[in-house]
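Welcome, and please load the model in your viewer. We will go from one selection to the next, and each stop says what to look for.

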Amino acid sequence: MKSLSNKRILLGITGGIAAYKCAELARLFVKAGAEVSVVMTRAAQEFVTPLTLQALSGRRVYLDLLDAEAEGAMGHIELARWADLVLIAPATADFIAKLAHGQADDLLSTVVLACSAPIAVAPAMNQAMWADLGTQANLSLITERKISVFGPGIGDQACGDVGPGRMLEPEQLLHSCADLFETGSLAGLKIVINGGPTREAIDPVRFISNHSSGKMAYALANEAVAEGARVTLISGPVSLPVPERLQSVDVESAEEMLQACLLACTDCDVFIGVAAIADYRPDEVAAEKIKKLSDQVQISLVKNPDVISEIASQENRPFMVGFAAETTAIAEHGRQKLVKKKLDLLFANNAVETFNSDSIAVTAIQANSQQDLGPGNKSAVARQMLRLIADQLSKNNPAEE
Ligand code: CTP
């Protein structure tokens, strides 16, 4: 099956007996890595409770167009913008008629009208209603507008009839939805990325830090999500918006960075260490603000843990990718770090040119090869980096291709 990881699916449920199957469908979507928001018509709520769908989707269920509370959280326009796909299942004859004529008199029909993402319906109705020329004319109208129609299946119906009109089974709908998307090169992989600087406290108001902007790590995180990876981004203090569709963890010090990374790496496939972690921290953190009493102050520094080396020395370690920020002999120093830190791949770059810049050029160094990537903006180079990682992973695990 193609991947649904990181995809946002708006599941619209209308009032048919097959609505009960949508509980299973929501569960399958979540299991496949998608985010699911459910919109139910009033009639749908007679067949299955919003609470069931809320529990299975893990998100609030949207019921009314004119619900001030729901609109406050995510109004019909936001819902329409949020979705990568709208699936209406079951879609009753009545709802298909509404779609065909562009009516918008409840939340679900309004979202559909406002939505530019792909829309699919899974019809479910009595076989005679399905065969009715009115229904068939409405179906022609919606297929002309590129709305996908999944099913219906043929067989026994709840009313005792036999024929076409059964909603497809949740598993079939899951596959049909997945087929609408491209599968990214990192689909299903868990990737942990750290980025930004760390802050090492001197006293309650002062710290030692560096100029790292976090832009490279954030670009990698965004691009990895686009390629279908489940991403955890562990970030030191930066002033960048938190990317969507990933788990983000904020840390300050190197020690916090280490603990957060170790925790996230227990079940991850790839670790990418981009963070500019302070190599040293003050030996002691003054409890009170240090006063300006003498002409000279000595701050004694002790070594911080090397986060990437610690993760690389774990027994079931992920595929390890590091960065090397250098100012001279960039590739040479990078290769030394690849070996010393026991990494699988390292991107060496010019620290002075790269910090805070939007563009980057790197040398990608592996045990037996070396190649230049970029220069380009950090998103474009991030895509090249991830392609290299995906290629390497598929070489390492040819059976899983
Ligand atoms: N790194 C780390 N923990 C540290 C220092 C660095 O995990 N305490 C990681 C960085 O995230 C990067 C790689 O190690 O992936 C190389 O970082 P860099 O700053 O270039 O090297 P250092 O090990 O700090 O060596 P030096 O400062 O001597 O160049």
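Begin with the ligand: the space that it takes is the largest pocket. A pocket here is an open set of points on a 1 Å grid over the protein atoms alone, with protein on both sides within 12 Å along at least five of seven lines, and a lining residue has an atom within 4 Å of a point. A molecule sits in a pocket if more than half of its atoms lie within 2 Å of its grid points. Before you click further, note that this is a predicted model, where local features need pLDDT of at least 70 and side-chain atom pairs count only at pLDDT 80 or more, while totals for chains, interfaces and linings use all residues. Residues are numbered from 1 along each chain as its sequence is written, and side-chain values use heavy atoms, with hydrogens and water left out.

**Stop 1: the shell around the ligand**

Select the 14 residues around the ligand; Gly 273, Ala 275, Ile 308, Lys 337 and Lys 341 come nearest. To be near, a residue needs a heavy atom within 4 Å of the molecule. By class, this shell holds 8 nonpolar, 2 polar and 4 charged residues. In this scheme Ala, Val, Leu, Ile, Met, Phe, Trp, Tyr, Cys and Pro are nonpolar, Asp, Glu, Lys and Arg are charged, and the others, Gly among them, are polar.

Which element gives the most to the shell? Colour S17, which supplies 4 residues. Strand S17 (319-326) and helix H12 (307-312) each supply at least two; helices (H or I, at least four residues) and strands (E, at least two) are DSSP runs, numbered from the N terminus.

**Stop 2**

Now show the N and O pairs within 3.5 Å, the cut-off for a polar contact. An oxygen atom of the ligand lies 2.7 Å from a side-chain N or O atom of Lys 337. On the backbone side, a polar atom of Pro 305 is 3.0 Å from a ligand nitrogen, and a backbone N or O atom of Val 307 is also 3.0 Å from a nitrogen atom of the ligand. Of the 560 Å² of accessible area that the ligand has on its own, the protein covers 76%, by the Shrake-Rupley method with a 1.4 Å probe.

**Stop 3**

The largest pocket holds about 1000 Å³ of space, a volume being the space filled by probe spheres set on the grid points, which are joined across faces, edges and corners. Its lining has 42 residues, with Ala 275, Ile 277, Asp 279, Phe 323 and Lys 341 closest to the centre.

Next, move to the second largest pocket, with about 370 Å³. Its lining has 20 residues, and Ile 17, Ala 18, Ala 124, Met 125 and Ala 158 lie nearest the centre. Helix H5 (93-100) and strand S8 (162-166) each give two or more residues to this lining.

**Stop 4: backbone details**

Most residues other than glycine have a negative phi, and most peptide bonds are trans. Select Ala 89 and Pro 90, joined by a cis peptide bond with omega of about -5 degrees; Pro 90 is in strand S4 (residues 85-91). Another cis bond joins Gly 151 and Pro 152, with omega of about 5 degrees. Finish at Arg 245, not a glycine, whose phi is positive at about 65 degrees.

Methods:
Polar contact = N/O pair within 3.5 Å; in protein donor to acceptor, adjacent residues only side chain to side chain. 1 Å grid on protein atoms, 1.4 Å probe; cavity = no way out; pocket = protein on both sides within 12 Å on 5 of 7 lines; lining within 4 Å.
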